[in-house]
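Subject: Structure handover

Hello,

Here is the structure we talked about. Please open it and read the notes below alongside.

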Amino acid sequence: MTEIVPLDESGLERAASLLRAGRLVAFPTETVYGLGADAGDDKAVARIFEAKGRPRFNPLIVHLPSLALVEKYVELTPLACRLADAFWPGALTLVLKRKPRARLSKLVSAGLETVAVRVPAHGGARDLLRLADRPIAAPSANRSGRLSPTQARHVAESLGNAVDLILDGGACKVGLESTVVDATGETPTLLRPGGIAAEAIEGIAGTRLAVAVGDDHTPASPGMLTSHYAPGLPIRLDATAPRFGEAFLGFGPTRDGEAASLSREGDLVEAAANLFRLLHAFDDAARYEGIAVAPIPEIGLGRAINDRLRRAAA
Ligand code: TXA
Ligand code: MG
């Protein structure tokens, strides 16, 4: 099994030298664990797709430790600057035009003229990016179509020996992937709901987000494929009580037959942080035949949670 090492000075140094050598390292961010590789190294990027068993057309997010470095790779628009000021470092990914001479693998953006970039808020992640001294492509560190990992253990379970080293920085605070926004023009387009609420982005942008609606045949962003976030067990939404064999996942005031709650207080931020951990736990328990989930309000982070659950239920 792949070695899991603590995110300390020696762990960071080992991880950075592996990345510089074109190897794969899983590392924590504030959203989910990423499966990192040198974004300028085609082979290293190809290894990501191999390890994940991911379809080739999915472009990856490029992670950098600062806005100043981001500017070397993409054309920043006025909109992108406002969003970066407000939300970076943090759980926002911006899709922008790639600079013609940017030293980035073509595979990283799956042949598109745009590239997705993010400055993570996790201090350990930024330390790693600085030490590696190169842009790091990192999708969520799970096999394609499975749950995103929010703990080092999830990565090991999902990827096995396909990753060269796993840095353990504990549980991810946000627990949902970053929100992906196309900021190439004047109006932001939401490509994937995530850890930063659409309303917050609209507040800074001063305009409503356009929503790119994808489906399995013509996805706006391949991350919107309906099968993308499936746990092993079937999911039933808007449930008020469990059926026989189901684990019942609550939200808000306790309901009869609840196995666990996303948030007893009805707090959507807490629910987001708990979502993947609880779905994983039910999958692992090997005693349920399905997961029933109580209704989650369709506001703020609730939209991102419902989006994940709907895809899992599809
Ligand atoms: O929170 C996160 O975003 C995590 C952590 C590790 O940073 N990463 C992550 O990466 O979720 P990934 O590869 O699983 O998701 C990338 C998303 C996908 O929905 C992909 O289709 C979209 O970003 N994306 C990437 N590049 C794009 C592009 N050039 N145009 C449109 N969508 C793009
Ligand atoms: Mg993913």
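Two strands pair if DSSP finds at least two bridges between them. Helices (H or I, at least four residues) and strands (E, at least two) are DSSP runs, numbered from the N terminus. This is a predicted model, in which local features need pLDDT of at least 70, side-chain atom pairs count only at pLDDT 80 or more, and totals for chains, interfaces and linings use all residues. Residues are numbered from 1 along each chain as its sequence is written, chains are lettered from A and ligands numbered from 1 in the order in which they are written, and side-chain values use heavy atoms, leaving out hydrogens and water.

Strands first. β10 and strand β11 (residues 210-211) pair in the parallel sense, over 2 bridges. Thr189 stands opposite Ala210 in β11. β10 (residues 189-192) also pairs with β9 (residues 179-182), here antiparallel and over 3 bridges. A hairpin of 6 residues joins β9 to β10. Val181 faces Leu190 of β10 across this pairing.

There is also an open sheet of 4 strands. Its order is β12-β15-β13-β14, with parallel pairing. β12 (235-236) and β14 (260-261) are the edge strands, each pairing on one side only. Inside the sheet, β13 (residues 246-250) and β15 (residues 290-293) share 4 bridges in the parallel sense. Ala247 stands opposite Ile291 in β15.

Now the interior. A nonpolar core is a set of buried (under 20% relative accessible area, 1.4 Å probe, protein chains only) Ala, Val, Leu, Ile, Met, Phe, Trp, Tyr and Cys residues joined through side-chain atoms within 4.5 Å. The largest one has 50 residues, of which Leu92, Leu94 and Val117 touch the most other members. Elements that each supply at least two of its residues include α2 (42-52), α4 (78-87), β5 (92-97) and β6 (114-118). Another core lies apart from it, with 26 residues, among them Leu147, Leu249, Phe276 and Leu279. Contact means heavy atoms within 4.5 Å. Leaving aside residues up to four places away in sequence, the contacts of Leu94 include Trp88, Val115, Val117 and Val181.

Last, a helix pair. α8 (residues 268-285) and α9 (residues 301-313) pack at about 20 degrees, with axes 9 Å apart. Axes are lines fitted to C-alpha atoms over the stretch in contact, and angles run from 0 to 180 degrees between N-to-C directions. The two helices are therefore roughly parallel (under 35 degrees). Residues at the α8 side include Leu275, Phe276 and Leu279, and those at the α9 side include Ile305 and Leu309.

Best wishes

Conventions. Parallel < 35°, antiparallel > 145°, perpendicular 65-115°, else oblique.
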